[in-house]
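Here are a few friendly notes to read alongside the model.

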Amino acid sequence: MFKLYRWQRIIALIITFAMTAATIAIATPLVYGQTPPKLPRTELRGVWLTNIDSEVLYSKKNVTTAIDRLAQLNFNTVYPTVWQGGYTLYPSAIAKGAMGIAMEPTPGLKGRDVLKEIVEEAHKKGLAVIPWFEFGFMAPADSELAKKHPDWLTKRRDGTTIWKEGKDDRVWLNPFHPQVQKFILDLIVEIVVKYNIDGIQFDDHFGLPAEFGYDNLTVAMYKKEVNGQSPSDDFRETFWGRWRADKINDFMGRIFRAVKFRKPKCIMSLSPNPLHFALPAHLQDWFTWERRGFIEEIIIQVYRNDLPRFVAELEREEVKLAKGHIPVGIGILTGLKNNSIPLKQIQDQVQEVRKRGLAGVSFFFYESLSSWAKETPEQRNSAFRQMFPTKIQRPSV
């Protein structure tokens with residue numbers, strides 16, 4: 001009788017457990033193949049600081065306020081622009097020597113070293129600082145740099161040099177010109193040596209629009225290396241495109257070695273466009289950079305409003321391969337002056353990045369975290385607090 005009673009109790013417990021489990025399953029259904037969400041152990045939480053449509057860099061008070069706010073919202077990385085519009089945004093001996101102007105001549109920067117201020121404030125709050133070499137090889141057509149060094153510019157097949165960026169006239173420094181390479185490399189090394197930075201970042205402008213490269217110097221280089229043949233008149237021609245992309249690859253290797261020689265722990269970061277556009281359109285073969293170890297962090301600009309298109313970019317094979325090698329984050333657009341991005345879109349995109357185990361996100365750009373939005377600044381701040389509920393370390397490189 002005792003044995004029977006014991007087995008009755010066991011059966012009753014099993015039935016109770018099964019009913020409880022069924023109740024839980026009904027209350028919290030799981031999609032097949034889905035794992036319960038959990039916060040990552042590390043996560044990139046970055047934001048770009050720009051000087052366009054933003055006053056954040058133009059007073060020390062603004063810098064301090066911004067860093068305090070980002071620390072309170074549990075961000076861990078800032079990417080401040082340092083090379084924009086043909087000027088450095090810090091006092092530069094290299095820029096002074098090349099064009100006679102040491103820094104962007106905006107009154108708000110006069111007498112200051114904004115990069116030094118950002119480094120000091122951010123490090124006090126536990127944020128990493130990775131200066132953003134924004135313009136790369138691009139320059140305004142009317143810049144002092146373009147005027148003083150017209151021989152540094154590259155051309156299209158028809159001899160034209162102007163490249164439109166919206167309404168603005170731009171030109172492109174020739175990335176194959178030895179003096180251009182020296183100028184760019186010297187600027188990079190100057191920043192790395194002069195400041196206590198955590199890394200340096202390049203973006204989609206660190207390449208060359210494929211229609212350029214027909215200047216005399218580049219054509220002569222090509223002929224010398226390709227048995228006297230001239231480049232194809234079709235800038236899309238495979239070998240001509242590959243030759244130029246490989247030259248940029250080689251220069252990226254030089255930059256990596258120069259930076260690491262001076263500051264081995266300085267992170268080499270890149271924020272490119274998706275590869276299927278970056279390589280054919282701008283000769284930027286970032287997947288090769290990643291495979292060769294020249295880049296230690298990638299934040300792919302995926303500025304898409306349509307969620308399926310956004311997700312499709314995260315699912316590309318080169319993204320998955322890079323993710324297995326180095327931290328790969330995603331750049332998310334939080335708004336522009338004339339383009340408000342809904343809060344839900346930002347939240348959905350962050351969720352999709354986390355679902356795929358990517359390294360994290362960086363938002364473009366600081367001003368639009370709350371400005372120009374349909375929601376109030378406090379509603380936006382509250383949403384970012386929910387996204388980033390606690391402080392967390394950025395991924396190790």
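1. Let me begin with a pairing: strand S13 (residues 328-333) and strand S16 (residues 360-364) run parallel, joined by 5 bridges. Two strands count as paired if DSSP finds at least two bridges between them. Strands are DSSP runs of E with at least two residues, helices are runs of H or I with at least four residues, and both are numbered from the N terminus. Within this pair, Gly331 has Ser362 of S16 as its bridge partner.

2. A word on the basis: this is a predicted model, in which local features need pLDDT of at least 70 and side-chain atom pairs count only at pLDDT 80 or more, while totals for chains, interfaces and linings use all residues. Residues are numbered from 1 along each chain as its sequence is written, and side-chain values use heavy atoms, with hydrogens and water left out.

3. S13 also pairs in the parallel sense with strand S12 (residues 297-301), over 4 bridges. Ile300 is the residue opposite Ile330 there.

4. Why is S13 largely enclosed by the rest of the structure? Because 6 of its 6 residues are buried (under 20% relative accessible area; exposed is over 50% and partly exposed in between, with a 1.4 Å probe and protein chains only). Val328, Ile330 and Ile332 cover one side, and Gly329, Gly331 and Leu333 the other.

5. Please look at strand S2 (residues 77-80) too: Thr77 and Tyr79 point one way, Val78 and Pro80 the other, and all are buried. S2 runs parallel to strand S1 (residues 44-49) over 4 bridges, and Gly46 stands opposite Thr77. Thr77 also stands opposite Ala128 in S5.
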